[in-house]
Amino acid sequence: MLIRIVLSLCVFCSYCGFAQNERILTGKLLDSLTSEPLIYASVRVESKTQKVLNKGGLSDEKGTFQLVGLKKDKYIVKVEYVGYKTKYVEIDATQDSQKLDLGAITLSPLSQLLESITVSGLKPDVIATIEKQVYKAEQFEVARGGTATDVLKNIPSVMVNAEGEITVRGSKGFLVMVNGKPSQVDVTTLLSQIPANSIDKIEMITAPSAKYDADGKAGIINIITKKGVNDGLSLTTNLQYGAPRIKEYYNATEPQRYGLDAILNYKKGNWDASVSVNYLKNDIAGRRVGDVNTTLNNIFTSFPSEGERSYKRENYGLRLVTSYKATKNDEISAGIYLGERNQYRTADIFYRNTKTNLLTNQVVGFSEYFNPNLVLKSGQFKVFNLDYTHTFRNTASLTLSGLYEKANLDGFTKNRNLNINNFADTLQYTLNTGTNPLDAVRLKADFEKTIGIGKFSAGYQFRNQTQSGQFEYNEKSGNFEPFVINPLYSAEISVLNRIHAVYSQYAGKYKKIEFSGGLRYENAFREFTDNKGSKPAILQLSNLFPSANVLYNLSESLRLKLAYSRRVQRSTNNELNPYPEREHSETLEQGDPNIRPEFIGIYEAGISKDLKKSSFYWNIYTQQITDIVNRVNSVFNDTILNRIYTNAGKARLIGSEVGLTLSPIKNLKIFVGGNIYNLKIKGALFDNTVAVNSRGWVYSVNSNISYQILPTLSTQFNLSYLSARNTAQGEDSRFYQPNLSIKKSFKDNRLNLTLQWQNLAFGKMKVNEQRITTFGNNFYTSTNYIQETNIVMLNLSFNLNPNSKKVKLPNSEFGEKEY
């Protein structure tokens, strides 16, 4: 029914627009310094003779605007955009021409920011708008040659811990988009595939509107890639090489680090084509020191451990995209993405196992053994997408999009316990193998039309994902025994996810108030089946997701905003699989096919201010979370803990974030961002047998200090710090990473050489090191992850014809999430 209502409304609006035979005003809004399009800028048309507002609207994602229904008269066009000077343009619409094209209209940054740029030669770090904060990626020199993850480390409220887990405002649940295209992929995997050098800016959308996918409890990160040429050819390349490790970690092999990425763009006439390739070898050395104990039947078992924990990571990809403007009202684009990534995690650990009878306090058992553990995660991805946009004569537009993905996901875990005195003597061997092919389809239709003082949007979206997996748990004892499949932990499974969604939204501006409001409806179906004859686990949900954003311009330099958004965090197939995997010697890991998605209500308020040589923003926010999902531990046996994904009850998060950019002296720019929040979890685990009542304060700091030594020589220092934080069953310790870079430019900035010192540490500084602790009534585990410091990288970048148009690169929509 809702689909019919939305489509009927679209048809009605189109009909009304065609029925009008009045003048159409068009134009394109650009930044005067960078020539970049200004998205969602306000355009108002007032009659010179009657002094009244006649029409208003917003620019689209290309910076273009169209206003319909102007009568014969003389008008003043007022263009406003947050952080820019207001511009007035006079037009004469008394002629018979039906279409008035103003062409390109440039807006200048506010004088306060412009003065800072002129004095120091450095751009502001962040621009705050009604629903997002925008960060230029080029300012983060310490990320050059790396990936999107390295760029995000510099942004307030985004933290990456020792295990590579990325959090936004304390949550691992957020949606990643690339050039406005939503992606359901695993965040860590997706971001590792996007070269930092291809990124233009990062948009943090913390209270998304209804037009976006409802996924992601912490909001959306939209990655905007660099832009191609206006007309002709452009080439951007980057070479990276890592020096040998400095500190000894006693790993079996040495880490290797090198990479290459390149983007070639060509545009001529109605054609626009881009091809990009990337390859990255990015190993990291490290160790881990752990302490685990369990209590079963009055036997206290302690098994401390120490050994290697390193990563060997390799990924490469090829992306092709082309667009053709068939007519002035019709545009077709298509893309192909082919990629592969492999990650080996080595954990070769020495264990000392001691058993003590608690009744007699006597040691009843002692053993030592060596546990080599190797985990492979591998994925091959093929993605094809096709998009078509038609713009009607009445300024309405209709976009149809389709995406198909085929992915092969596989891997293994090899876990062996060896005689401490003879590594050829195998005491126990478990081998987990898994293949997990995936097929996914996304279809969507989006309609937009300028009505009154704003823009009406409506659309339909369909997602279908099928994934079948075959998982085997093999085990044996002794060197000469054959592998035997454990049927309790082996299975063939199948997961189906299907979502229908419709939405409508209206956004505009009235005087000093910018606003958007919308409603999204989703019908979601999930089915989990296996070959064990178990009853299918089916979840059907119908939910509404309202959103509202309001921004009030107190002055050209001072703004207030309020926002609300309802979100959902869906479980991955890994979190649904109930058949355990022996992740390493002391843990099994499994999911729950009946796990429920999290539903989140986000409330946010903020203020932003532009000063003479600085800018400032401050947001306060809260999240009300239902059925929060945690990975929790229980005792499997005396030497193995069972990690299970499960719902842990309700949670409430209250936080505040702040960002300050200033240039106190010539050529020096300082950016400091911080986030502090309090997370409270209250609920129960394991059929209400374990109560959860956890709360605590967490804070993080991201800072950058940049200094322009010479016109062609600059340096930058940055620090990311995350405080200790409570979890459902324990605590994660503090974690921090300082980095330093020096950049030298040649050939009018076309050639750049950058030297990076990553994770710099002196003496006993515990850089890139984090301890993760969990405990319960009958167990305790604490592991200190010690990863490589003082990594030296050298990057050489070359630009042939600097970029000036967005490259819409296709990305894996579903498969990388399951990878």
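Reader: In what order do the four strands of the open sheet run?
Author: The order is S33-S34-S38-S37, with mixed pairing. Strands here are DSSP runs (E, at least two residues), numbered from the N terminus. Two strands pair if DSSP finds at least two bridges between them.

Reader: What are we looking at, by the way?
Author: This is a predicted model: local features need pLDDT of at least 70, side-chain atom pairs count only at pLDDT 80 or more, and totals for chains, interfaces and linings use all residues. Residues are numbered from 1 along each chain as its sequence is written, and side-chain values use heavy atoms, with hydrogens and water left out.

Reader: How many bridges join S33 to S34?
Author: Two, and the strands run antiparallel. S34 covers residues 587–590. Glutamate 581 has glutamate 589 in S34 as its bridge partner.

Reader: Rings now. How many aromatic pairs are there in the whole structure?
Author: A search finds 17. Rings of Phe, Tyr and Trp (its six-membered ring) pair if their centres lie within 6.5 Å; planes under 30 degrees apart count as stacked, over 60 as edge-to-face and the rest as tilted.

Reader: Why is the pair of tryptophan 271 and tyrosine 324 called tilted?
Author: Their planes are at 35 degrees, so the pair is tilted; the ring centres are 4.5 Å apart. The pair links distant parts of the chain, 53 residues apart. Tryptophan 271 is in strand S18 (residues 271–282) and tyrosine 324 in strand S21 (residues 305–327).

Reader: Buried or exposed, phenylalanine 370?
Author: Buried, at 10% relative accessibility. Buried means under 20% relative accessible area, exposed over 50%, partly exposed in between (1.4 Å probe, protein chains only). Phenylalanine 350 is partly exposed, at 38%.

Reader: Which tyrosines form one aromatic cluster?
Author: Tyr258, Tyr279 and Tyr316.

Reader: Last topic, charges over rings. What lies over the face of phenylalanine 545?
Author: Arginine 566, at 5.4 Å from the ring centre. The cut-offs: NZ of Lys or CZ of Arg within 6 Å of the ring centre and within 35 degrees of the ring normal.

Reader: And where does the charged end of lysine 744 sit?
Author: Over the ring of phenylalanine 746, 5.6 Å from its centre.
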